[in-house]
Every structure is written in structure tokens, then in C-alpha cells.
Amino acid sequence: MSLLKIPFILVSAVGLHISLTDPSSPPSSKERVVHSPLESFIEWFIKLRGMGLMQIMAWAASSAEVANILAMHISPSHVPGGIYGARVVQLLRVLHPTPITPAFIAGSISIAIGGALRLYCMATLGKLWSFHLSVRKEHRLVTSGPYSVVRHPSYTGLLFQGIGVAIMYGSQGSWMRQSGILQVPFIKVLAMSGFFVFITVTPWVSISRPVQEDQMLQRALGQDWENWAKKVKYRLIPGVY
């Protein structure tokens, strides 16, 4: 199994980690101005440390596949730790590594691009970035960087990642489906739960939330928002939506 697969796996994990990290302090209850079933779900998910759990699951899946690849290139007799280290390598070799496929590359690149775009949005918004829909006391309209192309580029990045996860982990030839790791009942429940949450919540949030955010900003910023919306007409994808 080619070691060239490892950088793609790690870059994808980093992209998901970035996307699920809130770089700023949460807004106060007075600054949160949107109340809807979607927002209630997000609040509940955040309180349950859902973002952190998703990060752990992403790193666990990535680490398991990397360890499987490395185990195929290491002789058990050359592993430090004596008999215990050798047993770990032997257990990892039970899993079936998968080759680099076009679907794997496409999924990995999609996740990485989504993470990079969301990082760009975080850097552009600074303290105004938040998982919570809110209008800060010092709120201002940001129209530079990715926000000069579409009005909600962070959700564009999230949508890229949802598609990437579906391809990288859910396609027929993916390591998650072909390695045999899902034969372990506990692992199967965790993996399927995380996969289901990400690929269902991601499009829901990416498509529904920009509408709510537009309404929130229009009420709060008035003419400034309307002028920006006339100039930047699309929410997620230029010429499409």
C-alpha cells in the first residue's frame, strides 16, 4: 500500500478539525437573535460537545487508516515494545488497506478545500465569527475576501466537506467500507452515527442557515446589507445559489 495516501488522509483530518473549531468566544444570549428548530438543534449539539466529538471521530478514523498503512510496511519483529508492539502491528494487518482511487482523491481534496475556505472566512471575520447566529455589539458588515464573491462562503466550505466526507468514507471502495473495521460492532455504531450526522446535517445547515442569516443581517444592518446583496447576489455558489 502506497505511503502517498497518508498526506491526503491527514490533510482531510486537519480540514475537518478546522471546520469544527470555533476560534472566537461565544456571543451572549442578548446577541443571539435567531430562534428556529435548526438553531435549537445546533445549540443542543454544541452543549453536548458535538463539535469536539466529531473532531475526535475524524482523527480516530484517519489515525486508524494511517496506522493500517504503516503496519503493512513494518515487520512486527522490528517494532519497539517487544511482544505487545508486535501484536499491535499484527492486529492492524488484519485490516485490509485500500489503494488510492479517484474517489478517494476527490473526497480528500473536497474536504481540504472546504476547510481552507472556512479558515479563510474565520480569518476575515475575526471576532465576528461564531457557530451561533448573532449580531455582536460591535457588529459590522464584512464584504472583503470571500465575502466579495458570495454572501455565505463558510457554508460553501461546509457543503464541500459534506460532499467530500460522503465520497471519501462512504463510496464503495473506501477504506471504511473495505478494510473490515466496520465488522467490529462498537466501531460500526460510532462510524455510522458520525457519518450519518455529518452528511445529513451539513446540507441542512448549508442550505437553510444562509437564508436565516440574510434575514438577521438585513434587520440589523438595513441599507448596508441591501447594497451588499445587490452587489453580491449569490449565497453559496456564484451563478447557482
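Let's start with Gly-115 and its neighbours: leaving aside residues up to four places away in sequence, Gly-115 touches Gly-15, Ile-18 and Gln-161, where a contact means heavy atoms within 4.5 Å. Before I go on, a word on the model: it is predicted, local features need pLDDT of at least 70, side-chain atom pairs count only at pLDDT 80 or more, and totals for chains, interfaces and linings use all residues. Residues are numbered from 1 along each chain as its sequence is written, and side-chain values use heavy atoms, with hydrogens and water left out.

So, back to our glycine. Gly-115 sits in helix H5, residues 102-125; helices here are DSSP runs of H or I with at least four residues, strands are E runs of at least two, and both are numbered from the N terminus. Is Gly-115 buried or exposed? It counts as buried because its relative accessibility is 1%; the cut-offs are under 20% relative accessible area for buried, over 50% for exposed, and partly exposed in between, with a 1.4 Å probe and protein chains only. Gln-178 is 63 residues from Gly-115 along the chain, and their C-alpha atoms are separated by 26 Å.

Now let's zoom out. The protein chain has 9 helices and 0 strands. Of its 241 residues, 44% are buried. Taken along the principal axes, the C-alpha atoms fill a box of roughly 70 × 35 × 30 Å. Among contacts with a separation of 6 or more, 81% are between residues 24 or more positions apart.

What about the surface? The chain exposes about 12,700 Å², and carbon and sulfur atoms supply 68% of that; these areas come from the Shrake-Rupley method with a 1.4 Å probe, and for residues only the protein chains shown count as cover.

Ile-74 belongs to the loop between helix H3 (50-71) and helix H4 (82-94), and its relative accessible area of 32% is why we call Ile-74 partly exposed.

Last stop, helix H8, residues 185-221, which holds Ala-220. Ala-220 is partly exposed because its relative accessibility is 41%. Its C-alpha atom is separated by 31 Å from that of Phe-198, 22 residues apart along the chain.
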